[in-house]
Amino acid sequence: MWIEGRVIEKRDWNDKLFSLKISVDIGHFTAGQFIKLSQVVDDKRIGRAYSLVNPPGSDYIEVLAVAVEEGLLSPNLQELKVGDTIDVATKATGFMTLDELPKEEHRGKHLWFLATGTAVGPFISMMDTSEPWLSYEKVVLVYGVRKIEDLAYLEHLKQYEASYPEQFKLVLSVTREELRGALSTRIPDAIISGELEAKVGLKLSPEISQVMICGNPEMITQSQQVLQDRGLVKNLRRAPGQVTVERYW
Ligand SMILES: Cc1cc2nc3c(=O)[nH]c(=O)nc-3n(C[C@H](O)[C@H](O)[C@H](O)COP(=O)(O)OP(=O)(O)OC[C@H]3O[C@@H](n4cnc5c(N)ncnc54)[C@H](O)[C@@H]3O)c2cc1C
Ligand SMILES: NC(=O)c1ccc[n+]([C@@H]2O[C@H](COP(=O)([O-])OP(=O)(O)OC[C@H]3O[C@@H](n4cnc5c(N)ncnc54)[C@H](OP(=O)(O)O)[C@@H]3O)[C@@H](O)[C@H]2O)c1
């Protein structure tokens, strides 16, 4: 069930937000899936899910995490240093993957990723594969955070802009500070007002859009509601829709 991983790199993005590269072999996984990390704390095993940021085929795993105040595991993960060990589940799992999206006439042309906080991670994993770029005419990442210092992997995200200038659009939403060029409203509000579509230059509609939403559960519920008002409904295996979600808590 658990194998020992060793931290080979740690990056502190701010005093709460950090990423860990861990040397471990978890075998094959699909971009968008998560792995469980675990420790025994006070004789009790605590395991928590973390989305993989690295693409399949890497000889390490990478996670982006926030230390939740009074959380049982995440503050301990933040304390880890290069060379420390951490228990890792033997297999990644999860259904927020591109191969779960509708195919053929239900596929849509535009793929939208809506993320808050650490949930940008699984979308990076997907964008580091060829799949979104081969399957969709446009790929949009909307990345919402409270403050500028909460923006992780910005350099990496800008590389997609350089590599796919016609195909990729990055929209940042920073809600508690001013950042030039970024939205200053929450993601669902920016959909309601039309500001998001105006910024991207694309419409959200059931005929052409596929939307994956990940992160803060209330953001997901509210985004799903505003999208439903536009006719975009949840994707089910038995009934293809346009919206696929993963809640982090
Ligand atoms: C499928 C899945 C993927 C996940 N991927 C990630 C990831 O990539 N990075 C990550 O940091 N977390 C991720 N999480 C959340 C993670 O599993 C833990 O819940 C989180 O690290 C808190 O664990 P804890 O033991 O420290 O806190 P606990 O003692 O379990 O306290 C949990 C409480 O902390 C809050 N909380 C949990 N996660 C977050 C969060 N990310 N941001 C804000 N508040 C939170 C909630 O209020 C929750 O009730 C994911 C969760 C799921 C279900
Ligand atoms: N103490 C600290 O300094 C500190 C700093 C950062 C994080 N944290 C902790 O880390 C955890 C995660 O914080 P986070 O900043 O990564 O995630 P977060 O609280 O989910 O915020 C990320 C983004 O989601 C937005 N959002 C929140 N609720 C929403 C909703 N209902 N609908 C739409 N958008 C919503 C936020 O907007 P708003 O700004 O409008 O809420 C913000 O833009 C929390 O437990 C937090 O307490 C602590």
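On a 1 Å grid laid over the protein atoms alone, a pocket is an open set of points with protein on both sides within 12 Å along at least five of seven lines, and a molecule is said to sit in a pocket if more than half of its atoms lie within 2 Å of its grid points. In this predicted model, local features need pLDDT of at least 70 and side-chain atom pairs count only at pLDDT 80 or more, whereas totals for chains, interfaces and linings use all residues. Residues are numbered from 1 along each chain as its sequence is written, chains are lettered from A and ligands numbered from 1 in the order in which they are written, and side-chain values use heavy atoms, with hydrogens and water left out.

The space taken by ligand 2 is the largest pocket. Around ligand 2 there are 16 residues, of which Arg-146, Thr-175, Arg-176, Arg-186 and Asn-216 come nearest; a residue is counted here if one of its heavy atoms lies within 4 Å of the ligand. Polar contacts are pairs of N or O atoms within 3.5 Å. A nitrogen atom of ligand 2 lies 3.2 Å from an N or O atom in the side chain of Gln-222. Of the 880 Å² of accessible area that ligand 2 has on its own, the protein covers 77%, areas being computed by the Shrake-Rupley method with a 1.4 Å probe.

Helices (H or I, at least four residues) and strands (E, at least two) are DSSP runs numbered from the N terminus. Helix H7 gives the most to the shell around ligand 2, with 3 residues.

Ligand 1 also has its place in the largest pocket. Its shell holds 19 residues, the closest being Arg-48, Ala-49, Tyr-50, Leu-64 and Ser-74. A backbone N or O atom of Ala-49 lies 2.6 Å from an oxygen atom of ligand 1, while a polar side-chain atom of Tyr-50 lies 2.7 Å from an oxygen atom of ligand 1. For Tyr-248, a polar side-chain atom is found 3.4 Å from an oxygen atom of ligand 1. The protein covers 74% of the 870 Å² of accessible area that ligand 1 has on its own. Strand S4 provides the largest share of the shell around ligand 1, 4 residues.

Conventions:
A polar contact is a pair of N or O atoms within 3.5 Å; within protein, one must be able to donate a hydrogen and the other to accept it, and residues adjacent in sequence count only if both atoms are side-chain atoms. On a 1 Å grid over the protein atoms alone, a cavity is a set of points where a 1.4 Å probe fits but cannot get out, and a pocket is an open set with protein on both sides within 12 Å along at least five of seven lines; lining residues have an atom within 4 Å of a point.
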